[in-house]
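Colleague: I would like to learn how to read a structure feature by feature. Can we go through one together?

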Amino acid sequence: MTHTGLLLKRAAPFAIAIGIWFAPVPAGLTAPAWHLFAVFAAAIVSVLLGAFPLLTAAMIAVGTVVLTGAITPAQAFSGFANTSVLLVVVAFIVAQAVVKSGLGRRISLFMVSHFGGSSLGLAYSIVLTDAAIAPAFPSNTARGGVLFPIVLSVSRGTGSNPDDPEGRRLGGYLMFCAMAGLAVSSALWMTATSANPVGVQIAQKFGLEIGFGSWILASCVPALVAIGMLPLLVAKLFPPRVGATPEAPVTARKELAGMGPMSRDEWITAVTFSVMVSGWVFADALKLNVTSIAFMGFGVLLVAGVLTLDDIAKQGDTLATFLWLAVLFALSGQLNELGFMGYVGERLASQLGGLSWPATYVTLIVLYVGIHYLFVSQTSQVLALFGVFLDVGMRGGVPVPLMAFGLLFASSYFSVITPQGGSQNIIFAVSGYLTQRELYKLGFFTTLAFLAVFLLIGTPWVLFVTG
């Protein structure tokens with residue numbers, strides 16, 4: 001790209017921000033909400049255009065909204081104390097212990113020895129493992145913390161390195177399959193993410209009772225179809241350039257045998273990680289904070305010397321992730337707090353009068369998914385818009401169970417639409433195997449495919465089981 005072209009591309013987000021900022025504030029919105037939207041939208045557009053990296057865009061955005069008085073410093077920087085943000089950062093650092101100790105290599109060799117006959121086999125082993133453990137995890141961010149070190153180790157174990165333009169493709173393929181798998185497995189199980197019970201409680205206010213059994217009955221067909229389709233779809237969108245590898249399982253078994261018994265650091269990491277996972281699984285029952293569990297595990301690994309201060313000093317990408325994620329999380333939350341999200345939802349929904357109920361239903365689901373470009377949290381969108389959209393659908397004649405389940409499932413699978421669309425994505429997005437543009441492209445087409453599956457297959461199935 002020429003220097004002039006780059007300047008024009010970088011000027012576009014500023015032009016968008018200025019244009020929206022000085023446009024008349026719509027009736028029903030406050031000036032701070034409108035100005036915050038102008039800056040937030042410009043930041044996202046700058047990343048989509050490739051004008052600025054996400055960190056740069058986030059830093060400019062937060063500086064702008066604070067210095068112009070759109071929001072207070074306390075509001076803008078509140079994301080740095082958010083437990084979900086902190087969990088992502090600590091889980092990323094702890095994952096390095098799995099790799100450094102050699103435990104990750106041992107696990108990756110075990111997986112390759114059983115499923116490494118092809119890249120597709122590895123992808124299916126990852127997404128099916130996630131789907132199997134999902135009902136035990138009330139936090140999909142914690143579940144990502146479990147999967148990431150395994151995926152990272154498998155990628156490195158097969159020779160895929162993020163610094164290699166071609167070699168990174170297998171790792172990128174597996175990383176995105178894991179990331180998207182978290183989204184759709186969260187739709188499969190009611191207990192797979194904290195946003196689901198929130199939506200269930202809101203649906204209850206509309207007279208709809210949803211339990212664990214009724215959820216899995218309604219979700220099983222579309223979610224399992226989406227899970228089965230996922231590795232094949234991503235292979236088409238982002239070919240790993242690695243097909244059948246019949247020699248890989250044989251080599252892996254030999255290397256696994258050559259590793260000998262587990263070392264001290266492997267045992268410490270394995271026990272610590274197992275206790276952390278158990279704590280995450282039973283966090284609700286034991287009234288434990290999942291982020292505190294991660295911090296405790298991190299502390300144990302430091303005390304035992306498995307991780308050192310030098311290891312942490314090398315985690316520059318983790319600091320960058322912490323900065324942009326905390327900022328975008330806070331700005332998105334403030335858009336919601338200032339009423340912008342609810343305003344958009346109500347205005348869009350109010351335009352649907354006179355449509356048939358099937359058209360109303362499809363339009364609402366598509367809008368609900370598309371609006372997630374503005375959110376950095378599934379739960380925040382559920383709180384802001386789920387009730388609004390459910391009410392409009394009900395008034396438009398859509399059967400309440402169908403409208404509710406359609407929105408509930410979308411509240412999970414839409415999280416992969418952007419790299420910041422769910423905190424569980426971040427640990428995979430910053431692995432270095434995929435560029436921001438690739439993540440947005442893959443996120444768009446994968447979300448579109450999920451949307452098609454849940455509309456075309458899920459709709460008749462939900463009507464059948466709830467009719």
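Colleague: Where is Phe14 placed?

Modeller: First, a caution: this is a predicted model. Phe14 lies in helix α1.

Colleague: Which residues make the nonpolar surface patch?

Modeller: Phe14, Ile18, Phe22 and Ile60 make the patch, about 420 Å² in area. Helix α1 (residues 3-22) gives the largest share, three residues. Here is the general idea. An α-helix has 3.6 residues a turn, so residues three or four places apart point the same way.

Colleague: Now helix length. What should the 18 residues of helix α13 span?

Modeller: Take 1.5 Å a residue, times one less than the number of residues. For α13, residues 264-281, that gives 26 Å, and the end C-alpha atoms are 26 Å apart, so the two agree.

Colleague: How many residues of α9 are buried?

Modeller: The count is 21 of 21, so α9 is mostly covered, by the under 20% cut-off. In α13, the buried residues include Glu266, Phe273, Met276 and Trp280.

Colleague: On to aromatics. How many aromatic pairs does a search of the whole structure find?

Modeller: The search finds 16. Take Phe77 and Phe80. Their ring centres are 6.4 Å apart and their planes meet at 50°, so this pair is tilted. Phe77 is partly exposed, at 40% relative accessible area. Phe80 is partly exposed as well, at 25%.

Colleague: What kind of aromatic pair do Phe80 and Phe322 form?

Modeller: Planes over 60 degrees apart count as edge-to-face. Phe80 and Phe322 have 90° between their planes and 5.3 Å centre to centre, an edge-to-face pair. The pair links distant parts of the chain, 242 residues apart. Phe80 is in the loop between α4 (73-76) and α5 (83-100), while Phe322 is in helix α17 (residues 316-337). Phe322 is buried, with 18% relative accessible area.

Colleague: Which residues form one aromatic cluster?

Modeller: Trp215, Phe405, Phe409, Tyr413, Phe450 and Phe454 do.

Colleague: Rings can also face charges. Which ring does the charged end of Arg169 sit over?

Modeller: The ring of Phe238, with the charged end 4.2 Å from the ring centre.

Colleague: Next, the backbone. What is phi of Lys287 near?

Modeller: General idea first. Most residues other than glycine have a negative phi. Lys287 has a positive value, near 55°. Lys287 sits in the loop between α14 (283-286) and α15 (290-303). At 75% relative accessibility, Lys287 counts as exposed.

Colleague: Last one. How far apart are Leu442 and Leu355 in sequence and in space?

Modeller: They are 87 residues apart in sequence and 32 Å apart in space, C-alpha to C-alpha. Leu442 belongs to helix α23 (residues 436-466). With a relative accessible area of 2%, Leu442 is buried.

Methods
Residues numbered from 1 in each chain as written. Predicted model: local features only at pLDDT ≥ 70, side-chain atom pairs only at ≥ 80, totals over all residues. Heavy atoms only, no water. Helix = DSSP H or I, 4+ residues; strand = E, 2+ residues; numbered from the N terminus. Buried < 20%, exposed > 50% of the residue type's maximum accessible area, 1.4 Å probe, protein only. Patch = residues over 30% accessible without salt bridge, like charges linked within 9 Å, V, L, I, M, F, W, Y side chains within 5 Å. Areas by Shrake-Rupley, 256 points an atom, 1.4 Å probe, with all protein chains shown as cover. Salt bridge = Lys/Arg side-chain N within 4 Å of Asp/Glu carboxyl O. Phe/Tyr/Trp six-rings, centres within 6.5 Å; stacked < 30°, edge-to-face > 60°. Lys NZ or Arg CZ within 6 Å of the ring centre and 35° of its normal.
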